[in-house]
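Please look over the sequence and the structure shown here, and then read the report that follows.

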Amino acid sequence: MRLGSSLAFSGASLLALASFALASFALASFVLASFVFPARARACPTCSVGDPTLTTMGAEAPYKNRVRLSLAASTRGDRLGRPQFDEIRLREQRFDLTAAWSATERLVLSFNLPLSHRHFAYADLSRENIVTLGDAELRARVILFRDRRFSPRHLLSMIAGLEMPTAPRIDRYGERLPLEVQPGTGSWDPTLGLGYDLFRNPYSLHIIATLKISTPGFEGSLAGPSGRLLATFQWQAHQRFGLRAGVDTRLDGITRESYGEVANSGGFIAFTALGFVASMTSKALLHAFVYIPTLNFLRGEHDEGVAASLGFTYDI
Amino acid sequence: MIFRLSLLVPFAFVFAALLILSSAGCHSKIEGVRLELLSSITLNEESLSDSEDRAVELDRFELTVEMVELIGCGPGLAARILSPLSILGPSRARAYHGGPTTPTTYAHHTTVDLTLAGEAPFGHSADGESDSGFSPPANDYCAAFVRLGALNLIGSADGEGFDAALEHLRLDLSLELGELGTLDELEREAELLLEIDVNLLVKELDFGVLMENPSSAELFHEAIRRATSISWRKKPAEG
């Protein structure tokens with residue numbers, strides 16, 4: 001029985017490792033390719049919007065038919081439950097593949113497909129590795145206001161998104177794990193929000209506030225509404241390099257299951273975000289961030305750890 | 001054009017990797033700690049006698065265990081002194097009593113045959129070995145909470161027949177372990193034995209009184225308390 005388990009683990013682990021090596025190799029080769037094949041002097045994205053600010057996905061000034069692709073790798077930790085009782089420790093490595101298309105100068109449509117590797121460590125010392133899709137998201141960003149058409153300084157936008165239940169349910173001993181550590185909610189979750197971008201070279205400010213309202217998911221479970229505020233200040237110290245600092249805060253409502261409220265759910269957490277963006281070519285951007293949990297008022301036995309991300313964005 | 005295509009190839013590569021991974025449903029697991037539960041019956045049929053020295057013969061004697069909940073040891077003295085609030089708390093064991101779905105609880109009903117001396121695994125044979133144990137949290141355990149359910153006793157005392165069928169004994173036992181029960185990285189498998197000394201149990205009963213009140217569960221309580229204990233041992237190596 002034990003031998004069988006360990007053999008199964010070896011096989012699946014090898015497959016998981018091989019698959020992640022493949023994805024990592026793809027990311028690396030993508031970054032490398034942008035160096036090896038430097039961009040020609042076609043209309044550069046920053047030239048097209050008349051502002052040299054290096055912008056990550058979702059904060060850009062759109063122009064018609066601007067297409068961006070992004071691949072980001074991130075890692076984060078989560079701890080849920082009482083130690084030596086029902087504790088679950090989660091370490092997640094995640095790839096986000098995002099494509100964004102500016103249909104008009106005022107409308108950007110984007111699609112995000114996450115893939116995550118989740119390592120669970122339980123109180124009974126069992127360990128589990130799962131590679132799975134997360135919840136894919138469709139998002140629209142509508143520019144409500146721009147102070148001028150070319151080289152805008154102020155952009156006010158509305159965000160509407162829809163998270164789709166593409167992530168599978170993760171069970172343990174036939175019981176579903178808490179929603180807080182699932183890769184998805186099993187529900188269609190609409191998001192609404194507002195964004196504001198200020199471009200004052202060499203400084204820029206990006207603020208996004210969103211509210212996600214979940215609909216009933218796995219077995220009627222209902223994740224609480226989740227409000228998120230992301231504010232990032234950027235100082236572009238060099239034409240091709242910018243430093244970033246900001247806050248990423250989240251206020252979650254309480255999750256409800258058929259038996260009532262989930263004890264270790266909901267609450268508030270604020271991360272301090274530090275990072276940089278660097279332009280590798282006129283079309284390729286590299287960005288890296290570290291998120292440090294600064295204020296943790298999550299309900300019950302719930303902690304989130306340091307998170308980090310490394311991403312690559314390319315303008316087609 | 002070549003440049004554009006060369007950059008799209010890695011993207012396609014990533015996308016393909018995503019699709020392969022999601023469809024493969026990659027999953028691996030390392031088992032955690034495991035605790036097997038066994039009943040351990042001590043019985044010498046030849047010397048069975050009740051409190052009034054009546055010779056007792058047992059045709060059927062079954063006891064149902066409804067739940068076994070492990071109780072973790074409380075923090076040590078040093079930890080209690082360092083934590084000012086916990087000094088007011090319990091010093092020995094910390095009971096959770098979270099119910100049958102908590103991770104420290106084994107909640108399969110198990111009928112223990114008290115007429116068979118020796119050890120027998122918990123659970124039902126129809127379910128295979130899957131429910132003869134469970135995976136509680138790794139911890140140091142000092143006690144167990146045992147909930148008993150039905151009791152069936154058919155036999156005779158000095159040749160006089162006796163039949164008692166109690167649907168609910170309504171008896172909860174808090175049984176302390178003589179020595180620490182540990183489940184950790186080094187000791188990943190162990191066994192918890194529910195020990196019942198049937199001779200002692202019968203010796204504590206007055207069959208004359210029982211015959212007059214065959215449906216009185218309370219008459220069994222003290223006898224079962226005295227005759228029942230638990231012990232912890234490392235799981236013997238297989239094969």
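A:L194 lies in strand β9 of chain A, where strands are DSSP runs of E with at least two residues and helices are runs of H or I with at least four, numbered from the N terminus. Its relative accessibility is 46%, so A:L194 counts as partly exposed, a class between buried (under 20% relative accessible area) and exposed (over 50%), with a 1.4 Å probe and protein chains only.

This is a predicted model, in which local features need pLDDT of at least 70 and side-chain atom pairs count only at pLDDT 80 or more, while totals for chains, interfaces and linings use all residues. Residues are numbered from 1 along each chain as its sequence is written, chains are lettered from A and ligands numbered from 1 in the order in which they are written, and side-chain values use heavy atoms, leaving out hydrogens and water.

## A buried glutamine

A:Q234 is found in strand β11 of chain A, which covers residues 226-238, and A:Q234 is buried, with a relative accessible area of 0%. The side chains of A:Q234 and A:Q236 are joined by a polar contact of 3.5 Å (a pair of N or O atoms within 3.5 Å; within protein, one must be able to donate a hydrogen and the other to accept it, and residues adjacent in sequence count only if both atoms are side-chain atoms).

Leaving aside neighbours within four places in sequence, A:Q234 is in contact (heavy atoms within 4.5 Å) with residues including A:T53, A:Y203 and A:V277.

## The whole chain

Chain A has 2 helices and 18 strands, and buried residues make up 51% of its 316 residues. Among contacts in chain A with a separation of 6 or more, 61% are between residues 24 or more positions apart.
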